[in-house]
Amino acid sequence: MRDSPLKTLVVENSKVYCKIIARMVKNHDDLNLVAACSNAIDANRIIKNHKIDLILLDIEMPFINGFDLLESLDQEIQVIIISGNSHNALKAFDYGVRDFLLKPLNIDRFDNAIRKVLTNNKRNEIEEDKEFLMVRSHLKNKKVSLKEIKWVEAFGDYVKIITDKEKVIALSTMKSISDKLPNDRFLRIHRSYIVNLNKIEKFGCTSVEIDEHQIPMSRKQKPKLEFILEKFDS
């Protein structure tokens with residue numbers, strides 16, 4: 001058993017199933033029911049106001065369905081889909097969900113799905129790198145280590161995140177990415193570029209150099225960059 005049960009949110013359109021799933025959560029030693037709701041609007045509000053580790057999510061909901069809710073998540077939350085339609089399974093796993101349960105619910109399958117979540121959670125807990133940026137890339141939530149980011153650049157309706165290991169194309173705006181990055185280590189030096197201050201090798205009046213790449217910098221940002229780098233050296 002975990003020292004701290006997973007904080008769990010039930011999102012289920014059916015009142016009957018909502019009560020059934022909530023009861024299953026309450027009866028599970030490794031889960032803590034934070035809330036149960038019937039639609040994605042209420043779910044979004046709960047997610048913003050509470051720390052949620054696990055969502056038990058219905059797909060068939062009015063107006064905003066379960067897939068729409070998955071698209072809107074901007075943080076790492078494990079998800080188990082609960083659906084009355086097996087045709088949703090293939091699409092569900094495209095979103096990186098932990099498991100897919102078909103109604104009517106079977107207690108053994110439910111317990112097995114929770115074990116998968118707990119196993120994945122323990123694996124994450126022993127990861128050395130605890131600082132990361134969560135982005136939406138190729139219909140999946142992806143963790144990008146902060147210390148590996150070299151720079152971020154605008155890419156149409158997307159952003160391109162250049163790291164030590166790869167290039168990640170993420171569905172986001174530059175402002176959204178900038179707001180998520182710690183401002184003591186990252187600086188938006190141009191409307192189209194954010195740089196990791198630890199990766200800068202040298203800079204001039206209109207550009208910085210990272211790994212032999214020249215990255216444009218607006219002139220008005222140079223004094224701010226100099227001030228921050230001086231603090232790094234002191």
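Student: Where is the place of Phe63 in the chain?

Tutor: Phe63 sits in the loop between β3 and α3. The model is a predicted one.

Student: Why is Phe63 called exposed?

Tutor: Its relative accessible area is 82%. Exposed means over 50%, so Phe63 is exposed.

Student: What makes the phi of Phe63 worth a remark?

Tutor: Phi of Phe63 is near 70°, a positive value, and the residue is not a glycine. Glu212 also has a positive phi, of about 70°, although it is not a glycine. Glu212 belongs to the loop between β14 (207-210) and β15 (213-216).

Student: How do you know whether Glu212 is buried or exposed?

Tutor: The relative accessibility of Glu212 is 71%. The cut-off for exposed is over 50%, so Glu212 counts as exposed.

Student: Why is Asp99 called buried?

Tutor: Asp99 has 3% relative accessibility. Buried means under 20%, and therefore Asp99 counts as buried. The residue lies in strand β5 (residues 99-102).

Student: Which residues does Asp99 touch, leaving aside those up to four places away in sequence?

Tutor: Asp99 touches Val79, Ile80, Ile81, Phe93, Arg109, Ala113 and Lys116.

Student: What makes the pair of Asp99 and Arg109 a polar contact?

Tutor: The two side chains make their polar contact at 3.4 Å. The cut-off is a pair of N or O atoms within 3.5 Å, one able to donate a hydrogen and the other to accept it. At 3.4 Å, the contact between Asp99 and Arg109 falls within that limit.

Student: What joins Lys103 and Pro104, and what is omega there?

Tutor: A cis peptide bond joins Lys103 and Pro104, with omega about 0°. Pro104 is in the loop between β5 and α5 (107-125).

Student: Which residues of helix α2 are buried?

Tutor: In α2 (residues 40-49), the buried residues are Ala40, Ala43, Ile46 and Ile47.

Student: How do you know that they are on the same side of α2?

Tutor: Around the axis they cover an arc of only 115°, which places them on the same side of α2. In general, an α-helix has 3.6 residues a turn, so residues three or four places apart point the same way.

Student: What lies on the other side of α2, and what covers the buried residues?

Tutor: Ile41, Lys48 and Asn49 are exposed on the other side of α2. The cover over the buried residues of α2 includes β1 (6-11), β2 (31-37), β3 (54-58) and α3 (66-72).

Student: At the start of α2, what does a side-chain oxygen of Asn39 reach?

Tutor: That oxygen of Asn39 comes to within 3.1 Å of the backbone nitrogen of Ile41.

Student: Why is Tyr158 called partly exposed?

Tutor: Tyr158 has 39% relative accessibility. Buried is under 20% and exposed is over 50%, with partly exposed in between, so Tyr158 counts as partly exposed. Tyr158 lies in strand β9 (residues 158-163).

Student: Which residues make the nonpolar surface patch of about 290 Å²?

Tutor: Phe155, Tyr158 and Leu171 make that patch. Patch members need over 30% relative accessible area, and Tyr158 passes with 39%.

Student: How many helices and strands are in the protein chain, and what share of its residues is buried?

Tutor: The protein chain has 7 helices and 15 strands. Of its 234 residues, 46% are buried. The accessible surface comes to about 13100 Å², and 49% of that belongs to carbon and sulfur atoms.

Methods: Residues are numbered from 1 along each chain as its sequence is written. This is a predicted model: local features need pLDDT of at least 70, side-chain atom pairs count only at pLDDT 80 or more; totals for chains, interfaces and linings use all residues. Side-chain values use heavy atoms; hydrogens and water are left out. Buried means under 20% relative accessible area, exposed over 50%, partly exposed in between (1.4 Å probe, protein chains only). Helices (H or I, at least four residues) and strands (E, at least two) are DSSP runs, numbered from the N terminus. The arc is that of the directions from the helix axis to the C-beta atoms. Contact means heavy atoms within 4.5 Å. Patches are made of residues with over 30% relative accessible area and no salt bridge: like charges are joined within 9 Å, nonpolar side chains (Val, Leu, Ile, Met, Phe, Trp, Tyr) within 5 Å. Accessible areas come from the Shrake-Rupley method with a 1.4 Å probe; for residues, only the protein chains shown count as cover. A salt bridge is a side-chain nitrogen of Lys or Arg within 4 Å of a carboxyl oxygen of Asp or Glu.
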